[in-house]
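This report considers one protein chain by its local features. The sequence and structure are shown first, and the description follows.

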Amino acid sequence: MSIDLPSFLTSWYGTPSQPATPLPDTCTWLPAPLREWYGVSSRWTTPLLTLKRMRAPEKIVSLEGKAIFMADAGDTIWAFDVDDPSRVYEGQLHEGWLESTEQLSEFLIHNALNEAAFNAMSRRACEQVEEARLDQILAPMTEVSFGGWQWPRPGHRIFLGDGLIADVGPAMEDHAPWGNRPGFTEVQIGSNNPALLSYVDEMPGIDWFKSGRSR
């Protein structure tokens, strides 16, 4: 990966406002990339995760060879392999595990960028964009070649540009069994500079949902 996590977080959330919070002595068994994430992310008072939540490091425990470190608001959970901490698994509560194609260090960077697309001062989202419009929408950005994951459904990709991040994935059908809608995609674009999103606002025929947060 050519993305340096502290540098990216600083460029997106601004200069850290406080020193890193030391981890408890009981957390030395956690894998180095995860210890680094807790240390680096503690330097910002702004929440860096809004779609998912990290477990407090002292509350991560080993159970049947897996250690759950993150969960979303539903039933999806993520764990690392206690015997091989570089390996990441995604699963549902009380169900089986599926190994990620990404190692833990890559996974944590992927997660930070995914969260940033939804945790920006200005956001544009549309659940049903014609695939033919994607080249125009993503023109200022380049795809980041992450290994990929299953959440929230297989096929989501991250695109990164100067002051822009996009999360793009399959559009969902509007009826059961809620499969992928052919020819359409779901797009979420975030920026901390609202002016950078003016080009998508000017695109006809796309009903963008506009939202954001204050710094």
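## The largest pocket

The model described here is predicted. Its largest pocket holds about 260 Å³ of space. Of the 13 residues that line this pocket, Leu 63, Glu 64, Ile 68, Ile 77 and Trp 97 are the closest to its centre.

Strand S3, residues 66-72, contributes three residues, the largest share of the lining. By class, the lining comprises seven nonpolar residues, four charged residues and two polar residues.

## Helix H3

Helix H3 covers residues 104-118, 15 residues in all.

Tyr 89 is part of strand S5, which runs over residues 87-92. Its relative accessible area is 9%; because buried means under 20%, Tyr 89 counts as buried. The side chain of Tyr 89 makes a polar contact, at 2.8 Å, with the side chain of Arg 87.

Once neighbours within four places in sequence are set aside, the contacts of Tyr 89 are Lys 66, Ile 77, Trp 78, Ala 79, Asp 81, Trp 97, Leu 98, Glu 99 and Ser 100. Two of these residues, Ile 77 and Trp 97, are also among the residues closest to the centre of the largest pocket. Met 172, by contrast, is 83 residues from Tyr 89 in sequence and 24 Å from it in space, C-alpha to C-alpha.

## Cis peptide bonds

The peptide bond from Trp 151 to Pro 152 is cis, and its omega is near -10°. Pro 152 belongs to the loop between strand S8 (141-144) and strand S9 (157-161).

Ala 176 and Pro 177 are also joined by a cis peptide bond, with omega about 10°. The loop that contains Pro 177 lies between strand S10 (164-172) and strand S11 (180-191).

## Positive phi angles

His 94, a residue other than glycine, has a positive phi near 65°. This residue is found in the loop between S5 and strand S6 (97-103). With a relative accessibility of 84%, His 94 counts as exposed, since the cut-off for that class is over 50%.

Trp 178, again a residue other than glycine, has a positive phi near 60°. Trp 178 is placed in the loop between S10 and S11, where Pro 177 also lies. The relative accessibility of Trp 178 is 45%, and this residue therefore counts as partly exposed.

## Asn 192

Asn 192 is located in the loop between S11 and helix H5 (198-201). Its relative accessibility of 15% places Asn 192 in the buried class.

Which backbone atoms does the side chain of Asn 192 reach? A polar atom of this side chain lies 2.4 Å from the backbone oxygen of Trp 12. The side chain of Asn 192 also reaches the backbone nitrogen of Met 121, at 3.0 Å.

Definitions and conventions
Residues are numbered from 1 along each chain as its sequence is written. This is a predicted model: local features need pLDDT of at least 70, side-chain atom pairs count only at pLDDT 80 or more; totals for chains, interfaces and linings use all residues. Side-chain values use heavy atoms; hydrogens and water are left out. On a 1 Å grid over the protein atoms alone, a cavity is a set of points where a 1.4 Å probe fits but cannot get out, and a pocket is an open set with protein on both sides within 12 Å along at least five of seven lines; lining residues have an atom within 4 Å of a point. Grid points are joined across faces, edges and corners, and a volume is the space filled by probe spheres set on the points. Helices (H or I, at least four residues) and strands (E, at least two) are DSSP runs, numbered from the N terminus. Ala, Val, Leu, Ile, Met, Phe, Trp, Tyr, Cys and Pro count as nonpolar, Asp, Glu, Lys and Arg as charged, and the others, Gly among them, as polar. The expected span of a helix is 1.5 Å times one less than its number of residues. Buried means under 20% relative accessible area, exposed over 50%, partly exposed in between (1.4 Å probe, protein chains only). Contact means heavy atoms within 4.5 Å. A polar contact is a pair of N or O atoms within 3.5 Å; within protein, one must be able to donate a hydrogen and the other to accept it, and residues adjacent in sequence count only if both atoms are side-chain atoms.
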